Amino acid sequence: MNSQNLPIQETAGNIALVVGATGIAGSNLAIKLLENGWTVFGLSRNPKNDIEGLHPIAADLLNTESLTAALIDVNPTHVFFTTWMRNDTEEENIRVNSAMVRNLLNVLSPKNSVKHVSLVTGLKHYLGPFDAYAKSGSLPETPLREEQPRLNLPNFYYAQEDEVYEAAAKDGFSWNIHRPHTLIGKTIGNAMNMGTTLAVYASICKHEGTPFIWPGSDAQWNGVSDVTDAKVLADQIIWAALNTEAHNKAFNITNGDVFRWKWLWPKIAEWFQIEFEDYNGTIKPLEIVLNKKEAIWASITKENQLVEENLSQLASAWHTDLDLGRPLEVMTDMSESRKLGFATYKDTKDSFFELFAQLRNDKIIP
């Protein structure tokens with residue numbers, strides 16, 4: 001990974017509030033901020049104190065009284081919003097997730113401490129929301145570029161962005177929007193976690209002696225794709241926050257390479273020392289497979305003394321199915337941040353393999 005072009009600036013006086021500090025994006029960002037000398041507060045509904053140096057804060061983003069009390073002595077210079085809440089419909093997603101952003105910024109507004117706000121969204125900005133996922137009638141042109149207009153569809157990412165824009169105009173802070181593709185990194189209990197989902201699935205295949213079966217579409221199997229290592233996302237978030245030329249812009253963010261799943265899938269199978277099956281003309285949703293494996297995973301956990309026996313806390317097959325079942329190849333243009341000097345790069349194969357090794361070392365998988 002090349003981070004040599006990231007700006008070297010004094011960070012001792014910077015106070016970060018990472019919203020969603022237990023998630024893939026938030027936890028990796030918090031760790032990197034701490035490594036760079038920031039004071040870091042991590043806000044979540046159920047905070048974990050497993051990051052050394054992080055100041056955990058428990059608060060409900062939908063309850064302004066809870067937020068006001070929790071943040072009474074916290075005066076952040078930088079707010080990094082990396083979380084969202086899944087609801088049954090996109091209308092509810094919009095109502096709830098926009099309120100979360102609005103409530104937080106309203107509570108912080110009287111403090112006059114916030115200089116910059118970063119919001120992490122994703123490629124649904126271009127592909128459409130979950131209940132219309134890549135099915136808007138006309139598929140977007142790829143590679144996906146930041147200049148592409150919003151879809152004429154309800155989308156909670158747009159609502160979150162608008163809350164940031166409105167608060168920035170009112171309170172005078174700068175902002176960035178970061179749009180990663182599928183995030184690869186370690187966390188437990190995250191709603192969208194392809195890397196760990198595939199690691200759990202592969203571990204079950206190895207235990208049962210069954211092949212690692214491709215669950216997705218022809219377009220994804222044969223098409224060009226990319227993903228985003230959570231550490232690469234963290235690098236871009238910090239770089240943009242500290243680089244005034246990058247302020248008030250939206251940035252795509254991926255590892256910087258591209259791949260085809262028909263190349264990567266066998267390599268994942270090889271890492272786990274299992275056989276695989278490629279695309280054979282039929283989508284085979286992983287959610288259907290893993291929904292029947294709770295007892296098997298509990299047995300694997302007991303046999304190998306693993307730390308999490310609840311399969312649903314590790315695997316988010318529904319989201320992996322959405323990603324791998326898309327009817328188009330999806331890759332992202334990175335030119336905007338590259339032109340401004342962001343140079344971090346990660347080999348995607350290494351992203352997956354390093355995650356698998358970490359999961360094994362931490363006794364998440366056998």
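The following dialogue explains how to read several features of this predicted model.

Q: Which conventions apply to the numbering and to the confidence of the model?
A: Residues are numbered from 1 along each chain as its sequence is written, and side-chain values use heavy atoms, with hydrogens and water left out. Because this is a predicted model, local features need pLDDT of at least 70 and side-chain atom pairs count only at pLDDT 80 or more, while totals for chains, interfaces and linings use all residues.

Q: In what order do the strands of the open sheet stand?
A: Helices (H or I, at least four residues) and strands (E, at least two) are DSSP runs, numbered from the N terminus; two strands pair if DSSP finds at least two bridges between them. Here 7 strands form an open sheet with parallel pairing, in the order β3-β2-β1-β4-β5-β6-β11. The edge strands, β3 (55–58) and β11 (249–253), each pair on one side only. Neighbouring strands of this sheet are turned by 20 degrees against each other on average, direction ignored; axes are lines fitted to C-alpha atoms, for helices over the stretch in contact, and angles run from 0 to 180 degrees between N-to-C directions.

Q: How many bridges join β2 to β3, and which residue stands opposite Leu43?
A: Strand β2 (residues 39–44) is joined to β3 by 4 bridges, and the two run parallel. Leu43 has Ile57 of β3 opposite.

Q: Which elements accompany β6?
A: β5 and β6 run parallel and are joined by 5 bridges; the bridge partner of Ser118 in β6 is Asn176. Another 5 bridges join β6 to β11, also in parallel, and His178 stands opposite Phe251 in β11. Helix α5 (residues 156–171) lies across β4 (78–81), β5 (116–120) and β6 (174–180), running at about 165 degrees to β6.

Q: Which parts of the chain does the salt bridge between Asp162 and Arg150 tie together?
A: The closest N and O atoms of Asp162 and Arg150 are 3.0 Å apart. Asp162 lies in helix α5 and Arg150 in the loop between α4 (124–127) and α5, so the pair ties together parts that are 12 residues apart in sequence. Asp162 is partly exposed, with a relative accessible area of 36%, and Arg150 is partly exposed at 36%. Salt bridges that share partners join Arg150, Glu161, Asp162 and Arg179 into one network.

Q: What span does helix α6 reach, and is the helix mostly covered or exposed?
A: The expected span of a helix is 1.5 Å times one less than its number of residues. α6 has 15 residues and reaches 21 Å from its first C-alpha to its last, close to the 21 Å expected. The helix is mostly covered, with 12 of its 15 residues buried, including Met194, Leu198 and Tyr201. Just after α6, Gly209 takes a positive phi of about 70 degrees.

Q: How many aromatic pairs are found, and what geometry does the pair of Phe212 and Trp265 have?
A: Rings of Phe, Tyr and Trp (its six-membered ring) pair if their centres lie within 6.5 Å; planes under 30 degrees apart count as stacked, over 60 as edge-to-face and the rest as tilted. The whole structure holds 20 aromatic pairs. Phe212 and Trp265 are stacked, at 4.0 Å centre to centre and 10 degrees between the planes. Phe212 is buried, with a relative accessible area of 0%, and Trp265 is buried at 0%.

How values were computed: Contact means heavy atoms within 4.5 Å. A salt bridge is a side-chain nitrogen of Lys or Arg within 4 Å of a carboxyl oxygen of Asp or Glu. Buried means under 20% relative accessible area, exposed over 50%, partly exposed in between (1.4 Å probe, protein chains only).
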